[in-house]
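Here are a few friendly notes to read alongside the structure. Keep the model open and look for each point as you go.

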Amino acid sequence: MIMPRGQPLLLPVNPWFIALSILLALMINLLPLGRGIWMPDVLLLVLVFWGVHEPRKVGMAWAFVLGLCMDVHQSSLLGQHAMVYSAVMYGVAMLRRRITWLSVLAQAVQVLPLFMAADVVQMLMRMLLRGGFPGWGFITPGLWCVLLWPVVSWLLLLPQRQPPGDDENRPL
């Protein structure tokens, strides 16, 4: 496969690093900070990132299981987060090839509809169950995820950017 111009060649990702980053994102989501408008869905952000960069290791099955964990934690309708996370990961699978060719800021613009769709679907499900419009603050977690995309991208790709040990016989 031809690499996009200007992007460095990355080392293979360690599966333990993927699992650790997902576990850390789950723990951040499980913090008792509430679901305020300032709190992004860090778990969904990390799942989308790994769905873009490592689709064979992180896919809809991970999203569904972790969505069930979030449903149990937030005492929401069982399957609400699982459905939303799985649908977002399906969208990631559809857009993955285009997203990988773009710069980090352009990637953030491309994943914006996915995060907004996740917020809208969750808001519609809450409206069906509880009634009443919660206000326009429901879209801010998705906006925070888009704003955090470059930071998360830089942090999660950092171990892959480190050069391997010096080899005198390697031509590059």
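1. Let's begin with the surface. In this predicted model, the protein exposes about 10,500 Å², and carbon and sulfur atoms supply 71% of that area. As for the inside, 37% of the 172 residues count as buried.

2. Next, the overall fold. The protein has six helices and zero strands, so its pattern along the sequence reads α-α-α-α-α-α. Among contacts with a separation of 6 or more, 66% join residues 24 or more positions apart.

3. Two packed helices are described by the angle between their axes and the distance between the axes. For helix H1 (residues 15-30) and helix H2 (residues 42-53), the axes come within 7 Å and cross at roughly 160°. Angles over 145 degrees count as roughly antiparallel, and H1 and H2 are therefore roughly antiparallel to each other.

4. Which residues make the contact between these two helices? H1 contributes Phe17, Ile18, Ser21, Ile22, Ala25, Leu26, Ile28 and Asn29, while H2 brings Val42, Leu43, Val46, Leu47 and Trp50. Sorted by class, the contact has eleven nonpolar residues, two polar ones and no charged ones.

5. Finally, the cysteines. The structure holds zero disulfides. Is Cys145 buried or exposed? Its relative accessibility is 1%, and buried means under 20%, so Cys145 counts as buried. Cys69 has 35% relative accessibility and therefore counts as partly exposed.

How values were computed: Residues are numbered from 1 along each chain as its sequence is written. This is a predicted model: local features need pLDDT of at least 70, side-chain atom pairs count only at pLDDT 80 or more; totals for chains, interfaces and linings use all residues. Side-chain values use heavy atoms; hydrogens and water are left out. Helices (H or I, at least four residues) and strands (E, at least two) are DSSP runs, numbered from the N terminus. Buried means under 20% relative accessible area, exposed over 50%, partly exposed in between (1.4 Å probe, protein chains only). Contact means heavy atoms within 4.5 Å. Accessible areas come from the Shrake-Rupley method with a 1.4 Å probe; for residues, only the protein chains shown count as cover. Axes are lines fitted to C-alpha atoms, for helices over the stretch in contact, and angles run from 0 to 180 degrees between N-to-C directions. Angles under 35 degrees count as roughly parallel, over 145 as roughly antiparallel, 65 to 115 as roughly perpendicular and the rest as oblique. Ala, Val, Leu, Ile, Met, Phe, Trp, Tyr, Cys and Pro count as nonpolar, Asp, Glu, Lys and Arg as charged, and the others, Gly among them, as polar. A disulfide is a pair of cysteine sulfur atoms within 2.5 Å.
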